[in-house]
Amino acid sequence: MRTRRLPLSKVYGLLEPGPVVLLTTSQRGRANVMTLSWHTMLEFEPPLVGVVVGAAHSVKALRATRECVLNIPTVELGAAVVGCGNTSGAQVDKFAAFGLTPAPASLVAAPLIDECWASLECRVVDTRGAKRYGLFVLEVVAARVDPRVKDPRTLHHRGWGRFMVAGESIRLTSKMR
Ligand SMILES: Cc1cc2nc3c(=O)[nH]c(=O)nc-3n(C[C@H](O)[C@H](O)[C@H](O)COP(=O)(O)O)c2cc1C
């Protein structure tokens with residue numbers, strides 16, 4: 001066999017679904033941002049996204065406000081991505097600490113991050129999996145992208161400080177939407 005057994009603790013690194021995102025919340029006028037890589041699309045339209053949030057500080061804000069923004073960074077923001085995932089908003093103003101600029105969203109109180117190439121404003125629509133899995137189902141209610149970025153060099157988490165960087169697009173004949 002060409003393959004070898006992989007410890008189950010490393011499985012997530014193979015299936016990490018998509019780009020690492022920066023999830024922003026705002027509670028009582030205080031904005032926070034956390035790094036999140038466990039997310040999955042659940043529906044095309046309206047777009048539904050499942051996110052697994054275990055981080056206590058962000059969970060509190062998400063539960064209380066039922067709103068957030070999923071901001072999609074590119075590789076240039078790598079240090080901020082790791083920084084926001086290694087510190088807590090309970091102690092640190094992460095916008096100031098990691099040089100991120102909050103910008104007003106259109107429909108939710110949580111801010112967009114100006115440096116990110118895309119931002120998805122979301123409302124929590126289902127918390128039935130929250131107690132058991134930390135799973136929140138979000139509906140994207142507004143979305144913005146930077147049209148100048150053609151092939152975004154997004155970060156994809158492989159675990160323990162390793163990331164894959166996307167950026168190349170190819171076309172294949174496919175019937176899938
Ligand atoms: C690359 C990366 C990916 C992460 N993905 C998740 C995730 O999917 N869910 C989660 O709860 N925490 C995730 N974290 C950890 C949180 O970002 C971390 O606990 C953070 O300190 C929470 O911030 P807060 O205390 O301000 O809410 C990730 C961290 C990194 C560095």
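Buried means under 20% relative accessible area, exposed over 50%, and partly exposed in between (1.4 Å probe, protein chains only). The legends below use these terms. This is a predicted model: local features need pLDDT of at least 70, side-chain atom pairs count only at pLDDT 80 or more, and totals for chains, interfaces and linings use all residues. Residues are numbered from 1 along each chain as its sequence is written, and side-chain values use heavy atoms, with hydrogens and water left out.

**View 1. Salt bridges in the structure.** The structure holds three salt bridges. A salt bridge is a side-chain nitrogen of Lys or Arg within 4 Å of a carboxyl oxygen of Asp or Glu. Side chains of opposite charge can pair when their charged atoms come close.

**View 2. Arginine 148 with aspartate 146.** A salt bridge joins these two side chains, at 2.7 Å from N to O. Arginine 148 counts as exposed, at 71% relative accessibility. Aspartate 146 counts as buried, at 19%.

**View 3. Arginine 128 with aspartate 126.** Here the side chains form a salt bridge of 2.6 Å, N to O. Arginine 128 is exposed, with a relative accessible area of 73%. Aspartate 126 is buried, with a value of 19%.

**View 4. Arginine 177 with glutamate 45.** Their side chains meet in a salt bridge, 3.1 Å from N to O. This pair links distant parts of the chain, 132 residues apart. Arginine 177 lies in the segment after β11 (162-165). Glutamate 45 sits in the loop between β3 (39-43) and β4 (48-52). Strands (E, at least two residues) are DSSP runs, numbered from the N terminus. Both arginine 177 and glutamate 45 are exposed.

Technical notes:
Helix = DSSP H or I, 4+ residues; strand = E, 2+ residues; numbered from the N terminus.
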